[in-house]
Amino acid sequence: LVIPEFPRPQLLLPGRMAWTGVTGGRNRRGILVYADREYRLRALRQPRKADPQHFLGVEVEGQVRFNVLAVWAKPDSQSKSYVGSLLKALDLYEEMFAPELTVVAGDLNRNALFGRTGKGHEDFVDRLKGRGLISAYHAFTGAAQGDESEPTFQHLGSRHGSYHIDYCFIPKKWAGRLANVEVGPVKGWRRLSDHAPLVVDVNLS
């Protein structure tokens, strides 16, 4: 379970939860990764120049051993853009992708339809493809990038501005094991968040 924009939990269960983020100032949020009882997780060492609030690498052990790069994309002081921060993260976390199985999941804050940054989104997707990863939603539904029928985000207080900006990229070899991919209804979750959950069910047994 990957939850971006999450404040630091009062209690972190060893082997079940990992969190990174900012604990001081006004924006005291980060990313939480949670594993159920069938799995154990361990936070990986952050690369020296990584953004500690918006990227978290973890190792997951269970029926299958794999890595997860949890994402809450935000521009940083160097890249100045959402896509720039994502592409930079792929370089910084390069060791996570080979030879291990890796999942990239979270809030990318991007879509292929987003104006000048649309091409950047495609570059990010292509970079992941080159590392053997595919979008679970698009593989399961057959939709093209930018042609999603189910939004994962809606601006609070707005009737407009619904977008598909949350993703889960899985190893291509798992594509045949996808049992289901669904997006929770945005309206049903608005009391809790402006994002709806993206649920990916992969049969790893």
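Tutor: The backbone oxygen of His164 lies 2.9 Å from a polar atom of the Asn111 side chain. This is a predicted model, in which local features need pLDDT of at least 70, side-chain atom pairs count only at pLDDT 80 or more, and totals for chains, interfaces and linings use all residues. Residues are numbered from 1 along each chain as its sequence is written, and side-chain values use heavy atoms, with hydrogens and water left out.

Student: With which side chain does the side chain of Asn111 make a polar contact?

Tutor: The partner is the side chain of Glu148, at 3.1 Å. A polar contact is a pair of N or O atoms within 3.5 Å; within protein, one must be able to donate a hydrogen and the other to accept it, and residues adjacent in sequence count only if both atoms are side-chain atoms.

Student: Is Asn111 buried or exposed?

Tutor: Asn111 counts as buried because its relative accessibility is 4%. Buried means under 20% relative accessible area, exposed over 50%, and partly exposed in between (1.4 Å probe, protein chains only).

Student: Where does Asn111 lie?

Tutor: Asn111 is in the loop between strand 7 and helix 2. Helices (H or I, at least four residues) and strands (E, at least two) are DSSP runs, numbered from the N terminus.

Student: Now the backbone: what is the phi of Asn109?

Tutor: Asn109 is not a glycine, yet its phi is positive, about 55°. Most residues other than glycine have a negative phi. Asn109 is buried, at 14%.

Student: And what about the phi of Glu5?

Tutor: Glu5, also not glycine, has a positive phi near 60°. Glu5 belongs to strand 1 (residues 2–6) and is partly exposed, at 26% relative accessibility.
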